[in-house]
Amino acid sequence: MSRRLLLVSAAVLTTVLGPAASGAQAADPPAETGPTAVSTLQGVTPSVLTPEQQSLTLTGSVHNTGDTELQNVQALPRFSRVPLDSRTDVRRVSADEEINPGQRYGDVHDVVGDSLQPGEVGTFSLEIPTTLLEFDQAGVYTVGVDIRATTPEDGARITVSSARTVVPWVDSPGELPTVPVGLMWPLAARPTSMPGGTLLDDSVAAQLGTEGSLTGLVEAGAGAPVTWALDPDLLDTVNVMAEGYQVMSPSGPVEGSQADSDAAREWQRAFSDATSEREVWVLPYALPDVASLVAGEPDLAGELSVQAQVAAEGTAESIEGTAGVAWLDAASVTDQVLGTLAEAGTRTVVVPGNAVEESTALGEVTAGEHTMRVVAADLGLSDALGDAAAVDDPQAAAVDLRQRWIAETAMVALAAAADDTEPGLLVAAPPVRWQPDPSVAQSIIDTWSSIPWVAATDVAGAEPPEPRERFTLNPVEGTNLLPAANVEATATLEHDATQYASLLADDDGVTDRLMLATLRSASTGWRDDPVAGAAYAAAITDDLSARFNRISVTVPESVTLSSRTGSFPLTITNDLSEAVTVTLDIHSTNVDRLRVEEVEPTLVQPGERQQVTVTAEAAANGRVPIAVRLTTADGVPIGPAQPTIVNATDYGTIGWIIVGGAGALFAAAIVRRTLRKGRDDDADPTTDAASVDDESDGRVALAQKPSPAQEVTR
């Protein structure tokens with residue numbers, strides 16, 4: 001629901017009436033054309049009417065947004081004497097004129113101005129006597145103003161704008177049952193940090209200044225029983241800024257301003273002081289969009305959820321906070337998402353009230369093999385927080401929020417009084433990355449702590465009623481999740497980051513920095529600008545690709561083995577500024593003809609060239625193609641495979657000489673045996689027998705002794 005729609009009604013009304021007259025008047029029919037204006041309520045005094053009050057004063061402004069002069073501009077009261085039926089109607093009053101529209105009364109009015117030129121802004125202060133209102137039944141009523149003006153062209157009297165709010169009428173506010181209200185107070189921002197610490201932009205710096213939203217949140221929450229919820233990525237970014245930082249620019253990184261570094265250090269101190277006595281819930285690092293990851297890359301969703309939880313636990317330890325808490329939008333409250341988070345270590349989850357079927361703010365839900373505590377945020381109070389941050393006029397935003405909170409909690413208290421029951425806890429949770437104006441943040445705390453029937457409660461310490469209610473999930477469709485392109489970009493980054501980290505001989509924190517960058521690339525912070533999120537991931541992936549290209553292996557067109565088992569050198573070049581440990585994966589296209597021994601991992605220092613000896617064994621002569629690929633020590637490929645040819649010349653020239661000599665000796669031995677056999681035929685038979693036996697023994701010994709050729713083969 002648009003915050004502007006909650007404050008103003010800019011419909012053009014054209015019924016022609018005379019000057020303000022006494023008594024109630026019907027609503028004007030809508031006009032097709034005519035002057036336009038925007039009216040805004042900037043004050044409602046008192047916020048709650050009781051029988052003792054004499055009047056109700058509405059103050060505000062009128063902005064002539066048309067191109068026609070408005071004359072005799074007046075503010076007249078419009079209200080209904082019938083109380084609203086439900087809390088849902090409270091949220092719809094400013095946007096839906098059909099909700100208790102009431103009537104315009106001409107008994108009182110205030111003059112905005114005799115003339116209001118195009119673009120000019122006038123103000124009004126309209127005091128309405130309670131005797132005119134005639135509220136006599138406890139409840140919440142619609143009250144507002146119609147802005148009436150005369151057009152100079154035809155003298156027509158028309159309504160150029162309206163603005164409405166809600167005002168409770170309570171007989172005895174102090175006697176109403178107390179409504180416990182918890183207020184979630186998130187500190188988060190869109191990711192801006194690159195792996196090396198350089199920031200994409202100064203968006204966080206703008207929120208840390210004197211008038212920045214993050215500064216306002218810390219200052220307003222200090223001393224109040226808010227439930228702090230911190231994105232660790234924000235704290236890391238502030239820490240980087242506090243130490244002096246660089247920001248990306250078209251010409252390269254530039255130094256961040258000293259003033260912004262000073263502001264970051266001041267914010268660090270303020271945050272530490274504000275949370276020193278309070279529990280801080282530490283959210284998963286960078287708040288990955290688990291719902292999108294589960295839909296596209298389930299395994300990656302589980303891995304990143306674990307990593308985000310591990311990083312959160314590290315931050316929680318450093319600030320003495322509590323990890324294991326997630327904050328989801330309505331579309332992310334599914335069995336798959338909760339199961340993934342539970343497996344990663346999440347034990348408490350904050351969800352919108354419409355994402356579960358509930359009657360209390362605290363309950364439980366079963367997620368896989370785990371039971372998770374659920375904090376269900378109240379829709380009415382939470383929507384008012386989000387709407388307040390979306391308004392350009394902080395004063396109007398504060399007034400609207402106060403009246404809505406007073407009205408909704410009053411209806412809860414009145415219902416409990418009628419039923420003679422104790423109201424249950426209500427939890428107000430704004431958008432996790434909201435950026436309210438500091439004055440709005442302070443007005444929220446002031447409203448929360450000053451409503452007579454509201455007890456400000458810290459959700460972190462609140463206990464659910466026994467027996468604990470089991471919530472049923474009711475995911476809401478239509479939420480703007482990250483598109484598939486962002487999930488794909490994150491998957492690519494995760495793959496390349498893992499590969500690069502395994503390449504380095506000395507990790508020196510690179511693995512952790514790349515892991516955190518991967519979490520940022522999947523952050524819900526990119527939902528409003530997914531193209532920027534994909535670009536963030538692509539920028540890091542491109543940088544990693546460029547780094548991979550600076551590590552190479554030189555492969556010749558062909559190599560020749562001079563023997564059956566031979567070696568040849570390959571050269572690995574490292575042009576990075578870090579030492580790497582790599583190896584070579586060499587694949588033979590015909591392992592039956594050529595086998596290549598595995599190459600041990602090689603340490604290559606920055607800027608060095610390292611020669612690696614490769615040993616191969618050929619089973620036959622010929623040319624055998626091989627593919628050489630550089631890999632990490634873990635075997636992860638770096639770049640494409642490079643082909644070359646191994647020429648196997650079997651035994652080589654020396655081998656053939658040895659084989660030939662062995663053959664000649666073998667032939668000479670045969671001739672000698674033949675001649676000896678001829679002489680032995682004339683010898684004594686007894687002697688012959690002994691000689692045959694001796695000769696047989698000799699032949700056996702000769703057969704067992706390897707030939708020169710066999711030695712070469714061996």
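**Notes on the predicted model**

1. In this predicted model, helix 12 and helix 13 (residues 438–450) pack with their axes 9 Å apart and at an angle of about 25°. Angles under 35 degrees count as roughly parallel, and helix 12 is therefore roughly parallel to helix 13. The crossing of helix 12 and helix 13 is right-handed.

2. The residues that meet in this helix pair may be listed from each side. Helix 12 contributes Pro394, Ala397, Ala398, Leu401, Arg402 and Trp405. Facing them from helix 13 are Ser439, Val440, Ser443, Ile444, Asp446, Thr447, Trp448 and Ser450.

3. Trp405 also belongs to the largest nonpolar core, which has 56 residues. Together with Leu183, Trp185, Leu187, Trp267 and Trp453, Trp405 touches the most other members of that core. Helix 12, spanning residues 394–419, gives the most to this core, with seven residues. As a general matter, nonpolar side chains in soluble globular proteins tend to be buried together.

4. Which residues does Trp185 touch, leaving aside those up to four places away in sequence? Its contacts include Leu217, Ala220, Gly221, Val226, Thr227, Trp228 and Ala229. Trp185 also touches Trp434, Ala441, Ile444 and Ile445.

5. Another core lies apart from the largest one and has 44 residues. Among them are Ala489, Leu504, Phe548 and Leu584.

6. The model also contains an open sheet of three strands in the order 2-3-7, with antiparallel pairing. Strand 2 (37–45) and strand 7 (121–129) stand at the edges, each with a single partner strand, so one side of each is left without a neighbour in the sheet. From one strand to the next, the twist averages 25°.

7. Within this sheet, strand 3 (residues 55–64) pairs with strand 7 over nine bridges, in the antiparallel sense. Ser61 stands opposite Thr123 in strand 7. In general, the strands of a sheet pair through backbone hydrogen bonds.

8. Some totals place these details in context. The protein chain holds 19 helices and 31 strands. Of its 714 residues, 50% are buried. Among contacts in the chain with a separation of 6 or more, 76% are between residues 24 or more positions apart.

Note on methods. Residues are numbered from 1 along each chain as its sequence is written. This is a predicted model: local features need pLDDT of at least 70, side-chain atom pairs count only at pLDDT 80 or more; totals for chains, interfaces and linings use all residues. Side-chain values use heavy atoms; hydrogens and water are left out. Two strands pair if DSSP finds at least two bridges between them. Helices (H or I, at least four residues) and strands (E, at least two) are DSSP runs, numbered from the N terminus. Axes are lines fitted to C-alpha atoms, for helices over the stretch in contact, and angles run from 0 to 180 degrees between N-to-C directions. A nonpolar core is a set of buried Ala, Val, Leu, Ile, Met, Phe, Trp, Tyr and Cys residues joined through side-chain atoms within 4.5 Å. Buried means under 20% relative accessible area, exposed over 50%, partly exposed in between (1.4 Å probe, protein chains only). Contact means heavy atoms within 4.5 Å. Angles under 35 degrees count as roughly parallel, over 145 as roughly antiparallel, 65 to 115 as roughly perpendicular and the rest as oblique. A crossing is left-handed if the near helix is turned anticlockwise from the far one by less than a right angle, and right-handed if clockwise.
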